[in-house]
Amino acid sequence: MFSFNSKGACPDCKGRGVIVTELVFMDPVTTTCEACGGSRYSEEALSYSYHGKNIVDILDMNAEEAEEFFSGCPKIRKAVHAMVEVGLSYLSLGQPLSTLSGGERQRVKLAKYLDKRGNIYVLDEPTTGLHASDVQAVMELLDSFVKRGNTVIVIEHNMDVVKLADYVIDIGPDGGTSGGEIVFTGTPSEMAWHGKTITAEYLRRSLQ
Ligand SMILES: [Zn+2]
């Protein structure tokens with residue numbers, strides 16, 4: 001009932017929220033569905049509410065708001081709290097997956113594994129598009145994975161991430177086709193002290 005792809009769909013627009021009118025010699029015209037006002041839901045689905053909010057209001061909430069709103073509902077609160085823990089508190093519950101950045105999608109996946117141990121995770125630039133404060137949140141998250149007995153391998157250019165690694169494998173000497181060789185391996189502090197690579201130079205600069 002609370003999925004617009006299923007039983008809860010508005011019967012007029014079939015859950016699309018818009019009506020597309022095909023015109024013979026012109027581009028199709030898209031208008032907001034009048035029956036549901038673009039909400040995608042049937043009248044019946046919209047008639048149900050929880051603490052004064054219907055399904056559309058709830059999908060509009062971000063994870064942080066939802067965590068508070070569902071504080072009396074442990075099952076939902078736990079799922080939403082996982083989103084907050086992976087630094088996605090600003091995402092709304094109804095946000096389509098297709099609109100997430102690569103880094104956000106990786107973190108959504110990680111949210112599922114928060115209580116697992118003994119796994120190896122390989123992440124490709126998980127901090128892309130993040131503010132400095134969110135990078136911190138992701139690093140704390142990855143640290144918590146390691147503390148729980150998992151291995152985390154991160155491909156990153158961000159020095160705030162490199163500096164917090166236990167071990168760095170620097171691949172170079174340059175980018176693209178001029179790279180591909182291992183030019184340094186060691187801890188971040190070893191790299192800062194005697195690394196002779198481009199990354200080592202950036203690492204030293206970021207520590208100043
Ligand atoms: Zn509709």
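**Notebook: zinc site, a strand leucine and a loop threonine**

I began with the zinc ion, whose donors follow the spacing C-x2-C-x19-C-x2-C along the chain. A reminder to myself: this is a predicted model.

**Entry 1, the zinc ion.** Which residues hold the metal? I looked up the protein donors and found Cys 10, Cys 13, Cys 33 and Cys 36, each listed with its SG atom and lying 2.3 Å from the zinc ion. Next I checked the geometry. The 4 donor atoms subtend angles of 102 to 114° around the zinc ion, so the arrangement is tetrahedral; the test asks for all angles between 85 and 135 degrees.

Then I asked myself where Cys 10 and Cys 33 sit along the chain. Cys 10 is in the segment before strand 1 (18-21), while Cys 33 is in the loop between strand 2 (29-32) and helix 1 (43-47). The two are 23 residues apart in sequence, so this pair ties together separate parts of the chain.

I moved on to strand 3 (residues 120-124), where Leu 123 is found. Leu 123 is buried, with a relative accessible area of 5%. What does Leu 123 touch, once residues up to four places away in sequence are set aside? My list reads Gln 106, Leu 110, Leu 142, Val 152, Ile 153, Val 154 and Ile 155. I noted the distance to one of them: Val 154 is 31 residues from Leu 123 in sequence, yet their C-alpha atoms are 4.8 Å apart in space.

My last stop was the loop between helix 8 (188-194) and helix 9 (198-207), which is where Thr 197 lies. Its relative accessibility is 13%, so Thr 197 counts as buried. Which side chain does the side chain of Thr 197 meet in a polar contact? I found Asp 170, at 2.6 Å.

Conventions. Residues numbered from 1 in each chain as written. Predicted model: local features only at pLDDT ≥ 70, side-chain atom pairs only at ≥ 80, totals over all residues. Heavy atoms only, no water. Donors = N, O, S within 2.8 Å, 3.2 Å for Na, K, Ca; no water. Tetrahedral: all angles 85-135°; square planar, octahedral: opposite > 155°, others 65-115°. Helix = DSSP H or I, 4+ residues; strand = E, 2+ residues; numbered from the N terminus. Buried < 20%, exposed > 50% of the residue type's maximum accessible area, 1.4 Å probe, protein only. Contact = heavy atoms within 4.5 Å. Polar contact = N/O pair within 3.5 Å; in protein donor to acceptor, adjacent residues only side chain to side chain.
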